[in-house]
Amino acid sequence: KASKLQYYNNPMWPGETHSLKVEKILHQGKSPYQEVLIFESLTYGKVLVLDGIVQLTDKDECAYQEMITHLPLCSIPSPKKVLVIGGGDGGVLREIARHGSVESIDICEIDQLVIDVCKDFFPDLSVGFKDPRVRLHVGDAVEFLRNTPEGTYDAIIVDSSDPIGPAQELVEKPFFETIARALRPGGVLCNQAESMWLHTHLIQDMLSICCETFKGSVHYAWTSVPTYPSGAIGFLLCAKEGPPVNFLAPINPIEKLEGAMTAGRDIRFYNTEMHKAAFVLPTFAKRELETY
Ligand SMILES: NCCCN[C@H]1CC[C@H](N)CC1
């Protein structure tokens with residue numbers, strides 16, 4: 001029925017579906033990459049769906065956007081040059097803008113339609129594009145990184161959708177190698193790393209690739225996002241070895257962020273204790289995911 005969002009047959013979560021009551025369909029469209037749906041839900045506000053997969057909702061987007069941004073940016077001293085891959089809704093840009101030390105923010109998003117519809121329907125997220133430090137590149141991230149000089153960025157955030165469809169190549173070794181090359185020594189990567197409840201094999205594959213590629217340190221962190229499958233999603237924090245500082249494991253936030261405001265929303269989820277707690281894993285996940 002139109003009121004149920006079904007994705008039983010998605011190989012990312014076989015046999016599982018989540019449904020949100022559709023109060024009102026706000027927009028339906030199709031780009032060369034994916035189908036776009038936006039609707040008003042009963043309790044989560046507006047919802048963005050790409051190819052049948054919930055990307056974000058007004059109510060819980062803060063958990064994902066704030067953690068994927070502040071875990072890396074609060075773990076290195078005064079980040080200046082930041083790159084976002086994906087993130088066309090603008091939420092990560094909004095969060096990066098809270099960091100006064102940042103001088104430039106590059107974003108490489110493959111689908112212009114996502115940017116356009118989020119500007120119309122999610123102004124609290126697309127406000128991120130208004131920051132004067134933002135430079136938008138619409139295109140394929142692999143191509144973008146190929147043309148990026150070595151050691152350009154202090155931090156790279158890969159805000160990708162699931163590795164089926166356009167984002168498939170963003171979990172493969174060559175991609176992580178181009179990321180490592182684009183980071184300066186001591187630079188940090190934070191990428192979306194799926195759910196410890198559902199995807200431990202995928203996460204283990206990414207962990208082994210990242211441990212080879214980033215000689216600094218690799219840690220899995222997680223947060224609660226009620227409208228994502230299993231209600232939890234994770235991040236891989238990867239540090240490239242080298243000066244200027246011995247990489248501080250992302251577990252120890254060194255930059256305080258409380259109270260930082262931008263034109264967008266107040267911080268609603270991240271704080272220093274949540275930062276540290278994000279790296280604490282339940283026993284099954286410690287066994288399967290902890291790297292040393
Ligand atoms: N800026 C939000 C991007 C959405 N991130 C993904 C949405 C779909 C999920 N299954 C995985 C994270």
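This briefing covers the ligand site and the cavities of one structure. The model is predicted: local features need pLDDT of at least 70, side-chain atom pairs count only at pLDDT 80 or more, and totals for chains, interfaces and linings use all residues. Residues are numbered from 1 along each chain as its sequence is written, and side-chain values use heavy atoms, with hydrogens and water left out. The space taken by the ligand is the largest cavity.

**Ligand shell**

- The ligand is surrounded by 13 residues, each with a heavy atom within 4 Å of it.
- Y64, Q65, D89, D159 and D162 are the closest of these.
- By class, the shell holds 6 nonpolar, 4 polar and 3 charged residues. Ala, Val, Leu, Ile, Met, Phe, Trp, Tyr, Cys and Pro count as nonpolar, Asp, Glu, Lys and Arg as charged, and the others, Gly among them, as polar.

**Polar contacts and burial**

- Taken alone, the ligand exposes 350 Å², and the protein buries 97% of that. These areas come from the Shrake-Rupley method with a 1.4 Å probe.

**Elements around the ligand**

- β4 (53-57) and α1 (61-73) are the elements that give two or more residues to the shell. Helices (H or I, at least four residues) and strands (E, at least two) are DSSP runs, numbered from the N terminus.
- β4 supplies the largest share of the shell, 3 residues.

**Largest cavity**

- The count comes to 2 cavities of 30 Å³ or more. A cavity is a set of points, on a 1 Å grid over the protein atoms alone, where a 1.4 Å probe fits but cannot get out; lining residues have an atom within 4 Å of a point.
- The largest cavity has a volume of about 550 Å³, the space filled by probe spheres set on the points.
- Its lining has 41 residues, with Q55, D159, S160, S161 and D162 nearest the centre.
- Elements giving two or more residues to this lining include β3 (46-50), β5 (81-86), β6 (104-109) and β11 (232-239).
- β4 gives the most to this lining, with 5 residues.
- The lining of the largest cavity divides into 19 nonpolar, 13 polar and 9 charged residues.

**Second largest cavity**

- The second largest cavity holds about 40 Å³ of space.
- Its lining residues include S160, S161, D162, Q192, E194 and M206.
- This lining divides into 6 nonpolar, 3 polar and 2 charged residues.

Conventions:
1 Å grid on protein atoms, 1.4 Å probe; cavity = no way out; pocket = protein on both sides within 12 Å on 5 of 7 lines; lining within 4 Å. Sits in = over half its atoms within 2 Å of the grid points.
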